[in-house]
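Opening the notebook on this one. I want to look at cavities first, then at aromatic rings.

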Amino acid sequence: MTDINADAPVASPAHLPMRFAEFVAMIAAIMALNPLAMDIMLPALPHLGHAFKIADGNQLQAVLSVFLLGFGAAQFVIGPLSDRFGRRPILLAGMGVYCVASVLALFAPSFETLLLARLLQGIGTAATRVIVVSIVRDCYSGGRMAGVMSLTMMVFISVPVVAPSFGQALMLLTEWRGIFVVLIVYGLLALIWSAWRLPETLPVAKRRSLAIRDVLFAYHQTISHRQTIGYGIAAGTLQGALFAFVFTSQQVFTEIYHLGHYFPLAFASIAFGIAIAGFFNARVVHRYGMRALSHAALVGFVVVGAVMLLAAVIGFLPLPLFIALSMLMMFAFGLMFSNFTALAMEPQGHIAGTASSLYGTLTTLLGIAIGAFIGQHYDGTLLPFTTGLFACTLIAFAVVLLAEKGRLFTSHKAVS
């Protein structure tokens with residue numbers, strides 16, 4: 001099995017009656033439920049602190065981390081359920097949970113209730129993450145799968161570019177509860193579109209048993225595959241660096257760089273690097289292959305992490321340099337993440353739901369643990385973040401090197 005499958009069709013009959021463009025647009029819209037609910041909250045954190053009388057900025061990070069905790073943990077069971085009952089019913093159920101949780105958040109009388117609602121929101125969006133990756137794997141393989149994932153990720157990861165600015169605009173027009181009105185409306189629209197147009201992509205003949213023995217066997221197949229587990233650990237470690245950036249971004253831009261209400265603009269300019277990477281990857285992945293692009297990006301990420309840490313240590317990291325380095329970091333992350341996901345899922349077509357479930361749980365929970373650890377060490381300087389970032393890049397590089405048995409940049413048969 002190689003990076004590029006030349007025989008893969010341009011459009012898969014598995015997602016008919018939707019044409020290719022609508023298919024990509026729909027799965028991107030579904031996946032956007034998660035980053036929208038995550039990043040639109042950033043400008044609202046100070047308002048939540050004021051509303052619930054919480055002065056500690058590190059404590060307010062729980063609004064983000066609890067959401068991600070639900071998102072990561074729920075993926076563990078969603079995959080096997082989708083392999084047994086099909087993609088469509090589990091996806092629609094998860095989106096329904098997301099909408100109900102958004103209503104609960106809208107009327108939350110306390111910070112604890114809000115955190116419960118955020119946990120449920122995360123659980124609901126876990127279905128969108130697992131099922132979308134499984135649907136793409138049901139319909140495509142090889143380089144075509146990587147291309148579809150890149151197009152989807154381009155839209156998916158463009159959401160963080162606009163979400164904080166949109167959230168800031170909402171804060172100028174209404175209070176923090178207005179954010180959840182927007183999330184409810186978007187969630188309902190996505191749910192209706194999916195219920196109306198999305199077909200079932202997993203044939204009954206390919207569905208798997210929910211017997212514990214069979215599920216455990218599928219999990220064992222996933223975690224024992226060198227390529228899948230290697231890229232899963234690497235992706236989770238890199239996601240930890242990304243989460244650390246997101247968790248501390250509001251504090252960094254307002255406390256260190258004193259941007260005030262303008263911090264979403266800086267955040268958007270940095271996140272734009274991921275969107276560019278998604279577009280670039282979709283255009284060239286068929287020519288160069290998933291390994292060549294993602295491995296080159298990983299090396300670049302290590303270099304950027306080293307430069308950022310050195311600048312923080314010597315005390316010379318002005319805003320323009322921080323934004324430039326962060327944009328390069330996001331660009332590299334964008335090239336890595338979709339390709340790492342495709343490489344991890346490529347050998348798991350026969351258990352796509354379970355594999356996607358375990359992969360999503362691993363990467364998200366590992367990312368949360370690392371990101372929260374780095375975020376809670378924020379001390380008013382950039383040193384904790386840059387140290388954590390560089391450590392993550394080194395670990396990810398070492399893991400990929402082990403997964404590929406030292407063979408970087410070139411396509412070859414899947415490592416087992």
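Which helices each supply at least two residues of the lining of the second largest cavity? I get α12 (226-256) and α17 (383-403); helices here are DSSP runs of H or I, at least four residues, numbered from the N terminus.

Ground rules: this is a predicted model, where local features need pLDDT of at least 70, side-chain atom pairs count only at pLDDT 80 or more, and totals for chains, interfaces and linings use all residues. Residues are numbered from 1 along each chain as its sequence is written, and side-chain values use heavy atoms, with hydrogens and water left out.

Confidence: mean pLDDT (the predictor's confidence in each residue, from 0 to 100) is 85 for the protein chain, with 91% of residues at 70 or more. Helix α8 (residues 142-156) is lowest at a mean of 68, and helix α6 (residues 87-106) is highest at 96.

Back to the second largest cavity: I noted Thr248, Val252, Ile374, Tyr378, Thr381, Pro384 and Phe385 along its lining. A lining residue has an atom within 4 Å of a point on a 1 Å grid where a 1.4 Å probe fits but cannot get out.

Rings next: I count 15 aromatic pairs, with centres within 6.5 Å (planes under 30 degrees apart are stacked, over 60 edge-to-face, the rest tilted). Phe52 and Trp176 make a tilted one, at 5.6 Å and 55 degrees. Those two sit 124 residues apart in the chain.

Note on methods
On a 1 Å grid over the protein atoms alone, a cavity is a set of points where a 1.4 Å probe fits but cannot get out, and a pocket is an open set with protein on both sides within 12 Å along at least five of seven lines; lining residues have an atom within 4 Å of a point. Rings of Phe, Tyr and Trp (its six-membered ring) pair if their centres lie within 6.5 Å; planes under 30 degrees apart count as stacked, over 60 as edge-to-face and the rest as tilted.
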